[in-house]
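Hi everyone, thanks for coming. Let me walk you through a structure that may be new to you, and please have it open on your screens as we go.

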Amino acid sequence: MGKLGTIARRTFLIGSVAVAGGVAFGYYMYKRPAANPLLEELGEGETALTEYVRISSDGITLITPRADKGQGVYSMQAALIAEELDVELEQVTVDPGPPSPAYYNTALSEEAAPFRSTDDGFAAESVRSVMDVLMKFLGMQITGGSTSAPDGYQKLRIAGAVARETLKKAASQKTGVAVADLTTEGGAVLLPDGTSLSYIDLAPMAAQIEPVTEVSLRDPSTWRLIGQPMQRVDIVDKSTGRLVYGIDHKVEGMLHAAVKLNPAQGGEMSAIDGSEAEKMRGVVKVVPVKGGVGVIADNTWRAMQAAEAVKFETGPSPFPASMDDHWSALEASFVEDAVDSRQRDEGDTAARLEGAEVFEAEYRAPYLAHAPLEPVSAIVQVQDDRVDVWTGTQIPRFVQSNVADLTGMDIEKVHVHVFMMGGSFGHRLEDEVVKQATQLAMAVKGKPVKLTYSREEDMMHDFTRQIAMARMKGTVKDGKVETLDLGIAMPSVVVSQMGRQGFPVPGPDLQIVAGAWEQPYRIPNYRVTGYRAPQLAPISSWRSVGASSNGFFHDCALDELIHAAGADPMEERLRLMWHDASRKTLEAVAEMSNWGSDLGANRGRGVAFVMSFGVPTAEVVEVTNTPDGIKIDKVYVAAEVGRVIDPLNFDNLVKGGVVWGLGHAMNCEITYTDGVADQTNYHAFEAMRLYQCPEIEVRGLENSDKIRGIGEPPVPPAAAALANAIYAATGQRIREMPFNKHIDFV
Amino acid sequence: MKLSVNGKSHDVDVENDMPLLWVLRDELGITGVKYGCGIAQCGACTVHIDGQAVRSCQIAAGEVEDAEITTIEGLGQPEALHAVQSAWIEHQVAQCGYCQSGQIMQAASFLQLNDEPTDEDIDFAMSANLCRCGTYPRIREAVKTAAKTLRGA
Amino acid sequence: MRVLTVLAILFAAPAFAEVGKIEINPPAQGSVTRAEGLQAFDRIYEVASHPRCSNCHVGASNRPMWSGPSYGKTRPHGMLVNAGESRIGAEHILCSTCHVNVEATERGNNVPHAAPRVAADWQLPPVEFEWFGKTSVEVCNQMRDPERNGDRTYLDIASHLDHDVILHWAWEPGGGREPAPYSLQEHVNDVLAWGVAGMPCESD
């Protein structure tokens with residue numbers, strides 16, 4: 001592990017700092033240390049340091065800056081620190097920490113840079129490091145893009161090791177026993193005679209000495225925690241109703257609020273008349289807010305009832321009136337003028353498509369809501385000298401800055417308290433609810449106000465997954481796929497999303513082709529073109545972002561050509577694939593599913609492969625065509641993540657990703673009529689329920705040296721594998737999501 | 001009105017038609033019961049009324065004055081877990097965890113009626129509780145484990 | 001199996017509460033012709049086959065249906081709802097878990113897409129009252145067959161219509177749902193007329 005240690009020392013400057021009653025270990029950011037978010041909370045005399053480990057008389061705290069919205073990342077981050085620190089997870093407190101530019105997400109920038117994840121060449125690495133500087137500049141403490149595992153894998157372990165070695169040095173100075181003779185276990189330094197010195201007792205002394213920064217990380221063969229199934233730190237609280245999500249938090253003297261937003265997405269409400277609402281029981285105030293009106297009351301239900309009683313005129317949506325218009329805008333984008341990127345262009349696709357027998361197909365993917373089960377909420381309290389925000393968010397830094405702008409308060413006086421999230425799937429990369437809660441709180445200055453969206457507001461005003469369309473042309477020859485020309489048209493998610501935060505995003509948006517252009521196949525004539533459609537309804541990152549639609553497009557297009565060639569879907573994919581770690585995922589699912597064996601009558605098996613977020617993922621879906629519709633029987637998944645940090649959580653996340661991908665492909669879409677979402681609640685946006693859930697068999701592969709996250713990669717292949725399986729079982733090729741527009745499901 | 005929640009009597013001053021969900025959450029501060037949809041589509045707000053699972057977003061406070069209301073907090077505590085909660089922990093069911101209070105309350109009520117459920121029974125009983133994270137495979141396993149424990153008890 | 005003991009307790013609770021909502025005034029004997037009786041039954045069938053009624057009048061599948069204007073494509077009740085042989089869901093999930101029993105009916109059903117509720121434990125009618133997807137002649141023969149109508153005369157049927165608050169809901173479904181045609185009183189009048197006419201069916 002020497003190499004890892006060297007890289008780490010070069011990249012990060014690690015240090016320690018005295019805190020009240022103890023010591024904290026963490027990183028100084030290079031070039032200019034970012035301001036320490038904990039300084040004010042810690043009192044005077046402290047220096048700037050981004051903490052990951054804090055040991056004081058209050059106990060041992062591991063600071064886990066990546067937010068947890070259900071993916072178990074608090075536990076994973078804590079385990080990475082604890083592995084080196086030699087503490088048990090039961091001994092520590094896990095704290096997400098305050099928002100800080102220092103907790104920037106290095107891994108996110110890797111995926112933003114235009115190089116394939118399989119490309120480790122010099123150019124790729126250097127562009128990634130440019131992006132890295134940019135990310136630091138923006139201070140993006142963002143949770144997303146399945147980046148928490150790669151981001152923390154080194155940093156957190158090193159922080160743990162430095163803390164451990166420094167505590168040993170302190171123990172050595174205190175006892176005179178040589179460091180080499182000291183060991184650590186269970187949050188204590190052990191002397192050769194068995195005496196145990198707790199970290200907590202050693203902490204004040206450790207704060208006074210130079211930290212030991214020359215550390216080498218432990219060999220994986222000695223790991224106690226990493227690679228072992230872990231109990232999540234919050235599992236008992238989540239199973240006993242004790243876990244406090246943002247929506248549950250209470251602040252003394254808090255009022256409750258609801259909003260009624262202009263039903264037409266993006267339109268401004270007018271002629272607001274809150275006179276009836278203000279007469280209703282418990283109502284404190286009716287306040288216009290961004291995009292609509294809010295009602296402050298003494299109880300959420302009363303606020304929601306009153307919000308429904310507000311009279312107003314609906315402002316028109318600036319977006320196309322009918323879905324036909326949305327689709328027309330995409331159809332019109334398959335033109336040379338709208339080319340956004342053509343990162344993949346091998347062979348002579350155009351020439352090959354002249355005069356040959358050309359197979360063509362068109363695919364569609366609809367807008368989709370995120371609809372995490374916890375609706376968005378935020379508590380805001382505006383006081384003379386500070387603003388506090390309590391909310392579940394993936395973008396605490398943006399929240400802080402936007403609240404500062406709205407209130408005119410200095411940014412350091414805006415305190416964001418991040419809570420566990422009841423799901424997100426990208427939903428909490430937006431902060432409209434915080435802005436509206438701030439406006440409400442400003443209207444009753446001094447009082448904390450909790451704004452809770454109704455499910456209807458949450459779904460109808462979601463910034464959805466992108467609408468997308470693809471056109472495939474291809475040829476086959478001698479039983480092989482010879483040409484694949486795939487064009488994908490969609491509006492830019494990144495432009496829409498970053499635009500709401502005031503950041504212009506120049507240049508091509510690779511999310512338009514993500515999950516398609518970087519697939520590790522060698523096809524003689526192979527072209528993937530991204531077409532930039534005009535911005536339509538507002539869109540945002542939805543679990544696996546561009547790949548959520550493009551994985552379906554690319555893999556189904558390939559599957560169609562393989563069938564046209566008369567080849568076996570598994571063998572032909574393997575033949576075309578050049579990337580070894582990716583091949584192994586396909587080989588794994590072939591073995592797991594006993595590919596090629598007879599499934600019996602009315603059954604079918606489909607395979608799909610999509611690399612997204614650097615994770616090659618293969619899935620096989622088995623279905624039965626019953627008289628009442630398609631039943632999904634079984635799914636096999638293999639994914640290459642370099643290192644499975646927690647096999648249990650890995651298994652859970654992969655299954656969740658498959659359920660997510662299949663469920664939305666089966667029966668979900670958001671459609672707009674005159675800008676108003678037609679789907680208002682789960683009755684019309686159901687996704688998968690328990691009875692429809694297939695048995696899912698999961699295998700994590702560790703053939704690559706890159707550590708990758710698993711939150712998103714299982715999603716893109718799921719829809720494709722299902723469509724391919726339905727084709728195998730029925731002969732019906734489904735090219736449009738949701739599939740239930742074309743076929744029934746049991 | 002008086003409400004009896006988790007064995008404790010509370011005086012609340014609310015409209016008769018306020019859904020029990022919001023009385024519990026906003027008036028009594030009992031937040032293990034979750035708001036997810038408000039229309040009986042998700043099951044996150046499930047409580048027991050006299051031992052039977054009920055969606056607390058659907059039942060009005062005025063309807064349950066004489067009833068015994070149990071929320072997840074009253075089902076079992078970390079130091080004295082209900083068999084369903086133990087099974088949920090053993091199988092590490094939760095991801096985000098937001099639906100799990102309702103899932104657990106539904107499962108506990110179901111197993112009280114039928115402690116020898118077949119796989120099909122479990123599908124029938126648990127499909128009205130929505131989980132957006134997709135923990136369904138683990139929910140199935142945990143219900144089976146809990147049933148076994150309850151039969152043995 | 002503990003299901004059965006629990007069932008006994010549940011069935012012991014009074015299911016029907018509201019009475020006397022309508023008037024039962026049958027026409028004089030002999031005053032309704034067969035043709036008029038058949039016309040009355042046509043209207044009865046319009047009600048019986050309306051989604052507000054037929055969705056729950058399902059057979060041994062024990063699975064209520066979702067059909068009609070509010071639901072789009074006809075399909076079984078979502079969430080794999082199966083009321084079981086108990087017809088109240090006791091084997092799996094009680095109907096009343098979502099379709100809660102509300103004594104104060106003025107609370108109504110004004111929330112769109114929420115589970116309908118009345119002052120009774122929600123349940124399916126007995127298996128032999130299966131109407132879903134059946135023709136007018138089939139339903140007609142069922143409705144006059146004591147084996148398949150709960151051993152009821154037409155007067156008993158009329159009285160039953162007066163008493164069963166779940167079926168009253170069909171005319172006041174709320175939440176933007178389409179009500180059953182005619183009114184409860186008109187429906188009862190048709191039953192009485194059909195009865196006085198001798199419960200004729202087209203197949204006779």
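One term before we start: a salt bridge here is a side-chain nitrogen of Lys or Arg within 4 Å of a carboxyl oxygen of Asp or Glu. Please also keep in mind that this is a predicted model.

With that term in hand, let's go to where chain A and chain C meet. How many salt bridges are there between chain A and chain C? The count is two. One of the salt bridges in this model pairs R75(C) with E686(A), and their closest N and O atoms are 3.5 Å apart. There are also two residue pairs in polar contact between chain A and chain C, both at pLDDT 80 or more. If you sort the chain A side that touches chain C by class, you get one nonpolar, three polar and three charged residues.

How much area is buried there between chain A and chain C? About 560 Å², with carbon and sulfur atoms giving 51% of it. On the chain A side, the residues that lose the most area to chain C are H683(A), E686(A) and Y691(A), together 68% of what that side buries. In terms of contacts, seven residues of chain A touch five residues of chain C.

Now let's step back to chain A itself. Chain A has 746 residues, and 65% of them count as buried. You can find 21 helices and 28 strands in chain A. Taking contacts in chain A between residues at least 6 apart in sequence, 77% join residues at least 24 apart.

Back to salt bridges, because over all chains the search finds 61 of them, by the 4 Å cut-off. Look at K168(A) and E165(A), whose side chains meet at 3.3 Å, N to O. These two sit three residues apart in helix α6 of chain A, so about one helical turn separates them. Is K168(A) buried or exposed? K168(A) counts as buried, at 11% relative accessibility, and E165(A) is buried as well, at 15%.

Another pair is E276(A) and K279(A), also at 3.3 Å, N to O. They lie three residues apart in helix α9, residues 275-279, so they too are separated by about one helical turn. Here E276(A) is partly exposed, at 38%, while K279(A) is exposed, at 64%.

Finally, D298(A) and R302(A) form a salt bridge at 3.1 Å, N to O. D298(A) is partly exposed, at 35%, whereas R302(A) is buried, at 4%. Both belong to a salt-bridge network that also links R281(A), D13(B), E15(B) and E27(B).

Definitions and conventions:
Residues numbered from 1 in each chain as written. Chains lettered and ligands numbered in written order. Predicted model: local features only at pLDDT ≥ 70, side-chain atom pairs only at ≥ 80, totals over all residues. Heavy atoms only, no water. Contact = heavy atoms within 4.5 Å. Buried area = accessible area lost by both parts, 1.4 Å probe. Polar contact = N/O pair within 3.5 Å; in protein donor to acceptor, adjacent residues only side chain to side chain. Nonpolar A, V, L, I, M, F, W, Y, C, P; charged D, E, K, R; others polar. Helix = DSSP H or I, 4+ residues; strand = E, 2+ residues; numbered from the N terminus. Buried < 20%, exposed > 50% of the residue type's maximum accessible area, 1.4 Å probe, protein only.
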